[in-house]
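Good morning, colleagues. I would like to take a few minutes to discuss a helix pairing and a pocket. Please have the display in view as I begin.

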Amino acid sequence: MLYEKLLERLLQVNDKLLNVLKWTATALLVPAGYMTQAGLAHGPTLLYIAGLIWLVAALMMRDKALIATNVVMAIAGTVGILQKYYAA
């Protein structure tokens, strides 16, 4: 009985955290997209951060399509950041 109540509480907390992650990442994507298209310096970095947050949410949901999309985006973002700051 105690185990079931604890498990139920953990699932509720997990659902709330997942919801916060998804909405935070989504809210960051809109200004990040604008900033990137406008050529503002921090746009790609904000886009990268939003993608990483979405990757965490996708892993929590075990959504294979979102995981694949965000892993590829994270790799692309990492390569882009490395090229921008470390490639001469």
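This is a predicted model, and I shall start with the residues that bring helices H2 and H3 into contact. On the H2 side these are Thr 45, Tyr 48, Gly 51, Leu 52, Trp 54, Leu 55, Ala 58, Leu 59 and Met 61. They meet Leu 66, Ile 67, Asn 70, Val 71, Ala 74, Gly 77, Thr 78, Ile 81 and Tyr 85 of H3. Sorted by class, this contact comprises 13 nonpolar and five polar residues, with no charged residues.

Let me turn to the geometry. H2 covers residues 43-61 and H3 covers residues 64-86; their axes come within 9 Å and cross at roughly 150°. Because angles over 145 degrees count as roughly antiparallel, H2 is roughly antiparallel to H3. The crossing of H2 past H3 is left-handed.

I come now to the pocket. What is the volume of the largest pocket? The computed value is about 310 Å³. Its lining consists of 18 residues, and those nearest the centre are Pro 44, Leu 47, Tyr 48, Met 73 and Gly 77. The elements contributing two or more residues to this lining are H2 and H3.

Which helix gives the most to the lining? That is H3, with nine residues. As for the classes, the lining of the largest pocket holds twelve nonpolar residues, five polar residues and one charged residue.

To close, I would draw attention to Tyr 48 and Gly 77: both belong to the contact of H2 with H3, and both are among the residues nearest the centre of the largest pocket. Thank you.

Key. Residues are numbered from 1 along each chain as its sequence is written. This is a predicted model: local features need pLDDT of at least 70, side-chain atom pairs count only at pLDDT 80 or more; totals for chains, interfaces and linings use all residues. Side-chain values use heavy atoms; hydrogens and water are left out. Axes are lines fitted to C-alpha atoms, for helices over the stretch in contact, and angles run from 0 to 180 degrees between N-to-C directions. Helices (H or I, at least four residues) and strands (E, at least two) are DSSP runs, numbered from the N terminus. Angles under 35 degrees count as roughly parallel, over 145 as roughly antiparallel, 65 to 115 as roughly perpendicular and the rest as oblique. A crossing is left-handed if the near helix is turned anticlockwise from the far one by less than a right angle, and right-handed if clockwise. Contact means heavy atoms within 4.5 Å. Ala, Val, Leu, Ile, Met, Phe, Trp, Tyr, Cys and Pro count as nonpolar, Asp, Glu, Lys and Arg as charged, and the others, Gly among them, as polar. On a 1 Å grid over the protein atoms alone, a cavity is a set of points where a 1.4 Å probe fits but cannot get out, and a pocket is an open set with protein on both sides within 12 Å along at least five of seven lines; lining residues have an atom within 4 Å of a point. Grid points are joined across faces, edges and corners, and a volume is the space filled by probe spheres set on the points.
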